[in-house]
Amino acid sequence: TLGLNFHRYGSSLTSSEAALMVEIQALMSINGQLNEAVERADELRSEEQTSFLKQIALLQTNLDSALQNNQLLGSEKALLQREMIDAKQDIATLSSQLEAMRQENDAMQAQFSAQKELLVEVEGSAS
């Protein structure tokens, strides 16, 4: 509208009024550009916020997944600890059995040695 008024009244305006009109038009143009820049900045900010929210959602998903994995690892650790306790008990049982077998073997060897000595004596007496 200022441009229209400028053309309509251009010949009746003083040079300072005309210069003022030109400055006002320039300022209105700059204001329009600033408004466009603000709108674009708002759009970019909105896009950045959306992107940021997506990143937060992804991080939350990753955190949830890590927590679930941690719980699974905790369960597996408990299971492995139980299996380790069972294995230690099995080792203790087998060690006891092995010791009993050694003692039995020692007793049998002692008995065999005694019988061998007796046999040697009997053979010595017989000759």
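Asp-86 and Arg-82 sit 4 residues apart in helix H2, about one turn of the helix. Salt bridges that share partners also tie Arg-40, Glu-43 and Glu-47 into one network. The model shown here is predicted.

**The chain as a whole**

The protein chain has 2 helices and 0 strands. Helix H2 covers residues 15-126. Along the principal axes, the C-alpha atoms fill a box of roughly 165 × 20 × 15 Å. The radius of gyration is 51 Å, whereas a compact globule of 127 residues would have one near 14 Å.

How much of the chain counts as buried? The share is 2% of the 127 residues. The chain exposes about 11100 Å². Carbon and sulfur atoms supply 59% of that area.

**Charges and their pairings**

The protein chain carries 9 positive and 19 negative side chains. The centres of these two sets lie 4 Å apart. The structure holds 5 salt bridges.

| Salt bridge | Distance, N to O |
|---|---|
| Glu-43 and Arg-40 | 3.0 Å |
| Arg-45 and Asp-42 | 2.5 Å |
| Asp-86 and Arg-82 | 3.1 Å |

Where do the partners sit along the chain? Glu-43 and Arg-40 are 3 residues apart in helix H2, so about one helical turn separates them. Arg-45 and Asp-42 are also in helix H2, 3 residues apart, about one turn of the helix.

Now take accessibility. Glu-43 is partly exposed, with a relative accessible area of 41%. Arg-45 counts as partly exposed at 43% relative accessibility, and Asp-42 is partly exposed at 38%. In the remaining pair of the table, Asp-86 counts as partly exposed at 29%, and Arg-82 counts as partly exposed at 45%.

**A nonpolar patch**

Charged side chains are not the whole story. Which residues make the nonpolar surface patch? They are Leu-27, Ile-30 and Leu-34, and the patch is about 300 Å². Ile-30 lies in helix H2. How accessible is Ile-30, and what follows from that? Ile-30 has a relative accessible area of 44%, so Ile-30 is partly exposed.

Note on methods. Residues are numbered from 1 along each chain as its sequence is written. This is a predicted model: local features need pLDDT of at least 70, side-chain atom pairs count only at pLDDT 80 or more; totals for chains, interfaces and linings use all residues. Side-chain values use heavy atoms; hydrogens and water are left out. Patches are made of residues with over 30% relative accessible area and no salt bridge: like charges are joined within 9 Å, nonpolar side chains (Val, Leu, Ile, Met, Phe, Trp, Tyr) within 5 Å. Accessible areas come from the Shrake-Rupley method with a 1.4 Å probe; for residues, only the protein chains shown count as cover. A salt bridge is a side-chain nitrogen of Lys or Arg within 4 Å of a carboxyl oxygen of Asp or Glu. Buried means under 20% relative accessible area, exposed over 50%, partly exposed in between (1.4 Å probe, protein chains only). The radius of gyration is taken over C-alpha atoms; the globule rule is 2.2 Å times the number of residues to the power 0.38. Lys and Arg count as positive and Asp and Glu as negative; His and the chain ends are not counted. The place of a charge is taken as NZ of Lys, CZ of Arg, CG of Asp or CD of Glu.
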